[in-house]
Amino acid sequence: MEIIRSYCLNDHHVHFQVVSDQAACLQNRFGRVNFEDPNFNIGLPVFTIHGTHDGPAGVDGMSAIDILSACNFVNYFGKVDPGSSDVGQISVCPVFIKKGATSVAVYGLGNIRDEKLSRMLQTHDEIQWMKADSEDDWFNLFVLQQKRRKGSSTNGINEQLLPSFLDLVIWGHEHACLPDPQEVSGKDFHIIQPGSSVATALSSAEAKPKHAVLLEIKLYMFPLNQGRQYRQTNIPLKSVRPFEYAEVELKDQLSVERNNEAALYEHLDKIVDYSGFSTITPQRFGQKYVGKVANPNDVLLFSRSAQWNRTRENTDDSEEFEPNELDQQSIEELIAESNLNMQILDENDLDSALHDFVNKDDNTAFHSCLDKNIEAAKNKLTFAREDFKTEEDIALQLDQCMRDEELSQQASRKRPASVYGGSESSWRRKTDMSAFYRTAPPKNDDDGGKKGKAPFIEEE
């Protein structure tokens, strides 16, 4: 916030206009971009979507970007309802920007669970891309923050699923810096992947030079030069903390004895890595680097080669697994294989709650999931109450069910096994509905209408 305040709040003139319905495309209650607010001097407007770690969470679906937006520091767009089962469509409303003869439509979509977004992109009309009504020629720019998977829609977003009307895609989330535009087979758009601005993971992709990208867009409307053109300028970041990454197979180092800890210690003082040799304490090894590197306890990372097949596809051969990354596909498969047969909780909602609890550290995720599904169940019962019996009738019905069940169990103890195979006690027990009775709809005696009714439970 100090950086934004230092460089974005000033008297400089903003040379472009936002001509779209700002209340529809921006996530703030004031319904306008920050530089049009007469109470603020915004000389450098910032437009942003939310990412993976600052996405909407909690009961109110709040994001850290909502705080910056409320302070009028940024313009927040591309936010969608983080729910899963009750959201059937997403409308992507762009920010329409005009400067002179150039018109740019900036589409944005904040981070959504990869599996959900991939499924929606493959389903007709689940994502609606709002387009300009005017006849002006627009440069269509799309900003997203998702895992990128070339040629695959598993555990990530396949770039082939994006619509062809786009001209350029700015792809976030992936840490590898690939600032030069990349062509997409069979599509008319290119992809620029700026990568992370700081090293946040111990991987080879983070060791590559990092850049910011200056994008210039020009629309030529003259008959001889009509078309959409852009150019990018890669700006190397000079303030990135130096980061070195290397892998060494100790089994290939002939000068190191396999079980000689002293020799291993001496060798790792020159080249740092491990593969199949006796280990040493990384923290003790890192003490000699205190004051020289920022993470002395992480100088050594011992790991063993995985014994299972890895089927995850990468954007390039150098990309690796993030060590703390949640494998969402595995979690969904685990839930599906559990055969939970839940009557109240929705499996998609439970999956989303688990994702938010792990990836977003949302301690209220499961509580919100439970409240949401209980409320949905109550609403269904309320809408169907015309077919219910009175509360008194359902109480008598439940009591009779419990008596019949008790008599049936007593009789089954004296009765021989069924000739059809199996015992009668193997049949599924009726559910105890006493808790349900307590939550029956309230009576409505004020207007002379029908009393609230509880559902009729039919004997099997």
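1. Aromatic pairs. Searching the whole structure, which is a predicted model, turns up ten aromatic pairs. Phe96 and Trp138 form one of them: the ring centres lie 4.7 Å apart and the planes meet at 50°, so this pair is tilted. The cut-offs make that plain, because planes under 30 degrees apart count as stacked and those over 60 as edge-to-face. The two residues come from distant parts of the chain, 42 residues apart. Phe96 belongs to strand 5 (residues 95–99). Trp138 lies in the loop between strand 7 and strand 8 (139–145).

2. Burial of that pair. Are Phe96 and Trp138 buried or exposed? Phe96 has 12% relative accessibility and counts as buried. Trp138 is buried too, with a relative accessible area of 8%.

3. A second tilted pair. Phe357 and Phe366 also form a tilted aromatic pair. Their centres are 5.4 Å apart, with 50° between the planes. Phe357 counts as partly exposed, at 37% relative accessibility. Phe366 is likewise partly exposed, at 34%.

4. Ring cluster. Which residues do ring pairs link into a cluster? They are Tyr107, Trp129, Phe142 and Phe165.

5. Charges over rings. A second case involves Arg148 and Trp171. Here the charged end of Arg148 sits over the Trp171 ring, at 5.7 Å from the centre.

6. Salt bridges. The count is eight salt bridges. One of them joins Asp37 and Arg32, with the closest N and O atoms 3.8 Å apart. The cut-off for a salt bridge is 4 Å, so this pair qualifies. Asp37 is buried, with a relative accessible area of 12%. Arg32 is partly exposed, at 33% relative accessibility.

7. Lys79 and Asp66. The side chains of these two residues meet in a salt bridge, 2.8 Å from N to O. The pair links distant parts of the chain, 13 residues apart. Lys79 is in the loop between strand 3 (75–76) and strand 4, while Asp66 is in helix 3 (residues 64–70). Asp66 counts as buried, at 12% relative accessibility.

8. A salt-bridge network. Arg113 forms a salt bridge with Glu115, the closest N and O atoms being 3.6 Å apart. Salt bridges with shared partners join Arg113, Glu115 and Arg119 into one network. Arg113 is buried at 8% relative accessibility. Glu115 is partly exposed, with a relative accessible area of 25%.

9. Buried here means under 20% relative accessible area.

10. A surface patch. Ile344, Leu370 and Ile374 form a nonpolar patch on the surface. Together they have about 240 Å² of accessible area. Leu370 is found in helix 9 (residues 365–383). At 39% relative accessibility, Leu370 counts as partly exposed. The cut-off for patch membership is over 30% relative accessible area, so Leu370 clears it.

11. Asp362. This residue is found in the loop between helix 8 (347–359) and helix 9. Asp362 is buried, with a relative accessible area of 9%. Leaving aside neighbours within four places in sequence, Asp362 is in contact with Ala57, Gly58, Asp356 and Phe357. Phe357 is also the partner of Phe366 in the tilted pair of point 3.

Methods: Residues are numbered from 1 along each chain as its sequence is written. This is a predicted model: local features need pLDDT of at least 70, side-chain atom pairs count only at pLDDT 80 or more; totals for chains, interfaces and linings use all residues. Side-chain values use heavy atoms; hydrogens and water are left out. Patches are made of residues with over 30% relative accessible area and no salt bridge: like charges are joined within 9 Å, nonpolar side chains (Val, Leu, Ile, Met, Phe, Trp, Tyr) within 5 Å. Accessible areas come from the Shrake-Rupley method with a 1.4 Å probe; for residues, only the protein chains shown count as cover. Helices (H or I, at least four residues) and strands (E, at least two) are DSSP runs, numbered from the N terminus. Buried means under 20% relative accessible area, exposed over 50%, partly exposed in between (1.4 Å probe, protein chains only). Rings of Phe, Tyr and Trp (its six-membered ring) pair if their centres lie within 6.5 Å; planes under 30 degrees apart count as stacked, over 60 as edge-to-face and the rest as tilted. A charge sits over a ring if NZ of Lys or CZ of Arg is within 6 Å of the ring centre and within 35 degrees of the ring normal. Contact means heavy atoms within 4.5 Å.
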